[in-house]
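Please keep the view open and look for each residue as it is named.

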Amino acid sequence: LRLLLWSAILALASCYVPSGNVLMVRGGHMITNNNFTLANKTFSVSAWVRRSTWNNNNQDWDVILSMGLDIGDLDIQSNYALHIGYRGTAFTFAFWYNDLDTDSFANDYFTWIHWAVSFNATSKLRTIWRNGVQVKQARSNSNFLGSGPYVIGANPYLSCNSQIDDVRIFENYELLQRDVAAILSRNESAAVPVATLRFTFDNPSLLNGTNAFGGVPIPVAAENNSVDFGTLSGNVEIHQLCEGGLMEEPLGTCLPPRCLAGYSRTTGVCFPCPQGTYRAGLAAGPCLPCPAGLHSARWGWAWCA
């Protein structure tokens with residue numbers, strides 16, 4: 001029975017497609033306009049992330065959430081800077097010189113992955129879940145001691161090139177296996193705690209498109225019926241997902257799904273054009289037959305010769 005349960009959870013994770021909007025990060029970030037403290041607290045975080053760039057040197061970071069890192073503050077003490085996200089191909093739940101890292105997940109690219117982390121300030125136990133499965137657990141040598149605004153998508157030193165959705169922060173609560181499974185399955189009961197903050201990026205006030213770029217304060221829906229305010233900074237935008245989450249466009253009208261030159265897409269996947277056909281430029285339609293007297297000698301050609 002337990003095996004069937006986890007098989008169902010993994011199946012739900014593998015077919016997850018966010019609805020509405022996501023945060024598209026290409027080196028920028030979103031920062032809350034107010035400060036929070038997690039010092040000496042039990043806390044948990046969960047989020048969906050889709051890495052957008054292959055990691056070629058195992059050193060690239062994709063930070064989902066951070067706290068306590070300020071530009072110029074190079075003498076940060078251990079346990080005062082939180083950063084949660086990918087460090088190369090591993091996932092880290094880090095307090096600064098006190099980190100919990102998973103094994104490598106080298107294929108976590110171009111697909112949505114659900115991550116959840118929890119820390120118990122009494123037992124010092126840190127836990128990491130990937131798609132509902134516990135992948136790492138160990139005791140920390142200290143509580144987290146930092147405070148400051150929450151930063152989604154980066155910190156001053158470590159950037160991100162990903163899409164992020166449904167970020168939940170639980171202060172004074174340790175997520176358990178059943179909570180993570182409920183969040184993942186989206187079958188949440190009264191037993192699942194209300195997030196202290198929940199960033200879905202779907203607030204209707206975002207839909208006018210004027211808040212898509214840096215420097216503009218934006219309201220972000222919080223699950224506790226209040227509104228938290230954040231500011232977008234740098235190369236980061238709120239994007240609407242179209243056609244099953246595979247096509248990203250800035251807020252506004254969804255464009256037809258497009259494939260690279262030489263490819264056509266009819267069922268959500270781009271396939272190379274067969275021999276004798278072509279497709280030039282970014283395209284939404286089928287491959288076209290070569291004009292009379294011309295031919296494409298291989299699959300995936302953008303022209304006929």
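**Notes on the disulfides**

1. Please bear in mind while reading that the model is predicted.

2. A disulfide is a covalent bond between the sulfur atoms of two cysteines. In this model the count comes to two disulfides, and the points below take them in turn.

3. Cys-273 is paired with Cys-287 in a disulfide, and the sulfur atoms of the two residues lie 2.0 Å apart. The link between Cys-273 and Cys-287 is left-handed, with -85 degrees about the S-S bond. Since Cys-273 sits in the loop between β21 (270–272) and β22 (277–278), while Cys-287 sits in the loop between β22 and β23 (288–289), the pair ties together parts that are 14 residues apart in sequence.

4. Is Cys-287 buried or exposed? Its relative accessibility is 19%, and because buried means under 20%, Cys-287 counts as buried.

5. The other disulfide to examine is formed by Cys-290 and Cys-304, whose sulfur atoms are 2.0 Å apart. With -75 degrees about the S-S bond, the link of Cys-290 and Cys-304 is left-handed. This pair links distant parts of the chain, 14 residues apart, with Cys-290 in the segment after β23 and Cys-304 also in the segment after β23.

6. For the burial of this pair, Cys-290 has a relative accessibility of 15% and so counts as buried, and Cys-304, at 16% relative accessibility, counts as buried as well.

How values were computed: Residues numbered from 1 in each chain as written. Predicted model: local features only at pLDDT ≥ 70, side-chain atom pairs only at ≥ 80, totals over all residues. Heavy atoms only, no water. Disulfide = S-S within 2.5 Å. Helix = DSSP H or I, 4+ residues; strand = E, 2+ residues; numbered from the N terminus. Buried < 20%, exposed > 50% of the residue type's maximum accessible area, 1.4 Å probe, protein only.
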